[in-house]
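The points are grouped by topic.

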Amino acid sequence: MTPIKNIVIVGGGTAGWLTAGVIAAKHRSRMANGFSVTLIESPTTPIIGVGEGTWPTLRTTLAKIGVSESDFFRECGSAFKQGAYFARWTTGEPDDGYYHPLMLPQAFSRLNMVPHWLARESEESFCDAVCPQGRICDNGLAPKTIATPEFEAVANYAYHLDAGKFAGFLQRHCTAKLDVRHVLADVQTVELAENGDIRAVATEQAGRIEGDLFIDCTGFRSLLLGEALEVPFKDCSDILFCDTALAVQVPHEHENSPIASHTISTAQSAGWIWEIGLPARRGVGHVFSSRHISDEQAERELRDYLGPAAADLPVRKIPIRAGRRETFWKRNCVAVGLAAGFLEPLESSAIVLIELSAKFIAEQMPACREVMDVVSKRFNATTDYRWGRIVDFLKLHYVASKRTDSAFWRDNRLPETIPDRLQELLLLWQYQAPWFHDEFDRVEEVFPPASYQYVLYGMGFRTEVEREALAGEAGLAERAWRENRTQTERLCSGLPRHRDLIDKICERGLQPI
Ligand SMILES: Cc1cc2nc3c(=O)[nH]c(=O)nc-3n(C[C@H](O)[C@H](O)[C@H](O)COP(=O)(O)OP(=O)(O)OC[C@H]3O[C@@H](n4cnc5c(N)ncnc54)[C@H](O)[C@@H]3O)c2cc1C
């Protein structure tokens, strides 16, 4: 038996440090018996950090790693995120927009509210009819109060964060509290054993470092899995066309300017512009298809969006390649984060995938090399499933659009660009609204059926409704509408302003759990 005791992570971005933290927290008690986590990070290659949106899972992950939520706000320049607002995605008109909030629709586990909402033919949007969070975001409010303990919510939430600061924050915690060994060095070559496993990595500054399991968190380069083990890249730009990002950091007008507690995503002629509010600045960027517009046109659209005050701000170009490695865990090497692949950041799916991958590796850490291939097979099947579902969900935003004003939007609806499973579901959803029966059956589904409901009905999708079939549930639906109205009023009058709560957290701290 060859025990797995020395875990070597290469890369010190969000993927590297989150994975190190999750594994070290889970296996801390084994460290006295020789279990170790080493993270090697290049002192020269910078990490990706544009102002990222996350998923509510990050609350659980941070709590498990053992960090304080108040320190996370103080040290990472973080803000709350309660969902995303999609502007001009459906018709392209100025008044076109809808929310994809993080709270579930009222009565979600007992009742599918969609047919009841459709049958009412009301002017009220699906989101406002079933959930208070759109109104909370409209009013610039926080999802909790200073009296709500750390990581607990009044309204479900995730975060907006500065990935650069976040990596530094995790590094300090992992090295000081979780005994992660930090090596600042550039990996130059990867040494393979006769059986094809990785035996060691050779670094410029710290010599040769051996390991039993290597985790590739080297970002787009994919140095271990992609380059050394030659796992091919599986491109999906035939489905998701965006391949370039232009990012810019925009200072707030005043120190006390309001901070949106949701991501704003505004559709453009060949892509979309994200806007993420942090206490110190706004992170804004244009993600677009270079097959449809030039860099100059894309920058012009971005500058038009920002207005004259931002005319001199520098723009950073980031090429993005839509796709993933054909397999994620090969022999004794598993890739996490951008090294595994990347899809446009439309629904903040990258960091949540990092969390889910790290959790899987930590919980199913193979005891010895002899069982590693069984675990890697499982990991690959689960991760493959997740990538497929994320591709479907991102593509849905384009397929449900009615825009015809540019080739980008028209091309996005060509049937040959739409995955088969999504085509099947779209056909089915014309007759029954998405809910638990649509094979959303994994315990840790990245996008639950509620997400599909918010996007589809936010974008005006129509599902046929047989009114007579709803009669038996009418009382339950009526109670849910009433409960939603009451909850919306209560929360909108009781929650603090977003920036005020962040200031208070930084000053006084939340009650620790
Ligand atoms: C435009 C854009 C917008 C995004 N928006 C979001 C979002 O809203 N939500 C979200 O969840 N995600 C988003 N992402 C993705 C997110 O930023 C990344 O998934 C996340 O930061 C993790 O990156 P990483 O750690 O995999 O890679 P990186 O941050 O690139 O880190 C790579 C690490 O590897 C190290 N390294 C590289 N080569 C070597 C070597 N030879 N030796 C030693 N070390 C090496 C580097 O020094 C660095 O520490 C976005 C990405 C982009 C490009």
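The briefing below covers the model basis, one lysine and the cysteines.

This is a predicted model, in which local features need pLDDT of at least 70 and side-chain atom pairs count only at pLDDT 80 or more, whereas totals for chains, interfaces and linings use all residues. Residues are numbered from 1 along each chain as its sequence is written, and side-chain values use heavy atoms, with hydrogens and water left out.

- Lys-5 lies in the segment before β1 (6-10), where strands are DSSP runs of E of at least two residues, numbered from the N terminus.
- Lys-5 counts as partly exposed because its relative accessibility is 31%, a class that falls between buried (under 20% relative accessible area) and exposed (over 50%), using a 1.4 Å probe and protein chains only.
- Leaving aside neighbours within four places in sequence, Lys-5 is in contact (heavy atoms within 4.5 Å) with Asn-33, Gly-34, Phe-35, Ser-36 and Asp-212.
- A polar atom of the Lys-5 side chain lies 2.8 Å from the backbone oxygen of Asn-33.
- The C-alpha atoms of Lys-5 and Leu-213 are separated by 8.0 Å, although these residues are 208 residues apart along the chain.

**Cysteines**

- The structure holds 0 disulfides, a disulfide being a pair of cysteine sulfur atoms within 2.5 Å.
- For Cys-242, the closest cysteine sulfur is that of Cys-236, which at 11 Å is too far for a bond; Cys-242 counts as buried, at 3% relative accessibility.
- For Cys-368, the closest cysteine sulfur belongs to Cys-333 and, at 19 Å, is too far for a bond; Cys-368 is buried, with a relative accessible area of 9%.

Key
Helix = DSSP H or I, 4+ residues; strand = E, 2+ residues; numbered from the N terminus. Polar contact = N/O pair within 3.5 Å; in protein donor to acceptor, adjacent residues only side chain to side chain.
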